[in-house]
Amino acid sequence: MEPPLIEPTLIIHPTKPAVIIQSTLPPTIIPTTNPKDCVNDLTFISDVTIPDNSFVSYGSSVDKQWLVQNSGTCNWDSSYRLRHLGGAVLGAAEEAMLYPVRAGTQATIQILFTAPFTEGVYESAWQAYDPNGNSFGQPIYIRITVQ
């Protein structure tokens, strides 16, 4: 046998419409880096041309290109430089402009060298410098065998 149905004696009817409160997230605050507080860094990624220990002919032009990452927080502008650090200069200028690169992006650095007229193995090392003359990042190299 089923239980008997009981009629409700009190029914509640709301007198005001319900108010739904939607929460909103606070605005995202993106910190701005003061250019004076940024950090310089350079990470070598790969040789684009002339892999290490490549054979080149006497006196030939050598178009060396490196792929690097601006792994710091500073944008490199025209006041950033790449300077000869050691080894053979190989006919290049002692200093080159470090192409303007935004922080976190990659760039190709290019230097035109001239192979010597003497057989041997030649290496040239280069270092990045900020506008204040401070070195930073990994040095980059070229290593060729002239024959």
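Residues are numbered from 1 along each chain as its sequence is written, and side-chain values use heavy atoms, with hydrogens and water left out. Because the model is predicted, local features need pLDDT of at least 70 and side-chain atom pairs count only at pLDDT 80 or more, while totals for chains, interfaces and linings use all residues.

**Aromatic rings**

A pair of aromatic rings is described by the distance of the centres and the angle of the planes. Rings of Phe, Tyr and Trp (its six-membered ring) pair if their centres lie within 6.5 Å; planes under 30 degrees apart count as stacked, over 60 as edge-to-face and the rest as tilted. By this rule there are four aromatic pairs.

Select tryptophan 66 and phenylalanine 113. Their pair is edge-to-face, 6.5 Å centre to centre with 90° between the planes. Tryptophan 66 belongs to strand 3 (residues 61-70) and phenylalanine 113 to strand 6 (residues 106-114), so the pair ties together parts 47 residues apart in sequence. Strands here are DSSP runs of E, at least two residues, numbered from the N terminus. Tryptophan 66 and phenylalanine 113 are both buried; buried means under 20% relative accessible area, exposed over 50%, and partly exposed in between (1.4 Å probe, protein chains only).

Next, select tyrosine 80 and phenylalanine 136. Their ring centres are 6.0 Å apart and their planes at 85°, so this pair is edge-to-face. Tyrosine 80 is in the loop between strand 3 and strand 4 (81-87), and phenylalanine 136 is in strand 8 (residues 135-146), so the pair ties together parts 56 residues apart in sequence. Both residues, tyrosine 80 and phenylalanine 136, are buried.

**Disulfide**

Now show cysteine 38 and cysteine 74. Their sulfur atoms are 1.8 Å apart and form a disulfide (a pair of cysteine sulfur atoms within 2.5 Å). The torsion about the S-S bond of cysteine 38 and cysteine 74 is about 100°, so the disulfide is right-handed. Cysteine 38 is in the segment before strand 1 (42-47) and cysteine 74 in the loop between strand 3 and strand 4, 36 residues apart. Both cysteine 38 and cysteine 74 are buried.

**Backbone angles**

Which residue other than glycine has a phi near 50°? Select isoleucine 50, where phi has this positive value. Isoleucine 50 lies in the loop between strand 1 and strand 2 (54-56).

Finish at leucine 90, which is not a glycine but has a positive phi of about 55°. Leucine 90 is in the loop between strand 4 and strand 5 (95-97).

Note on methods. Helix = DSSP H or I, 4+ residues; strand = E, 2+ residues; numbered from the N terminus.
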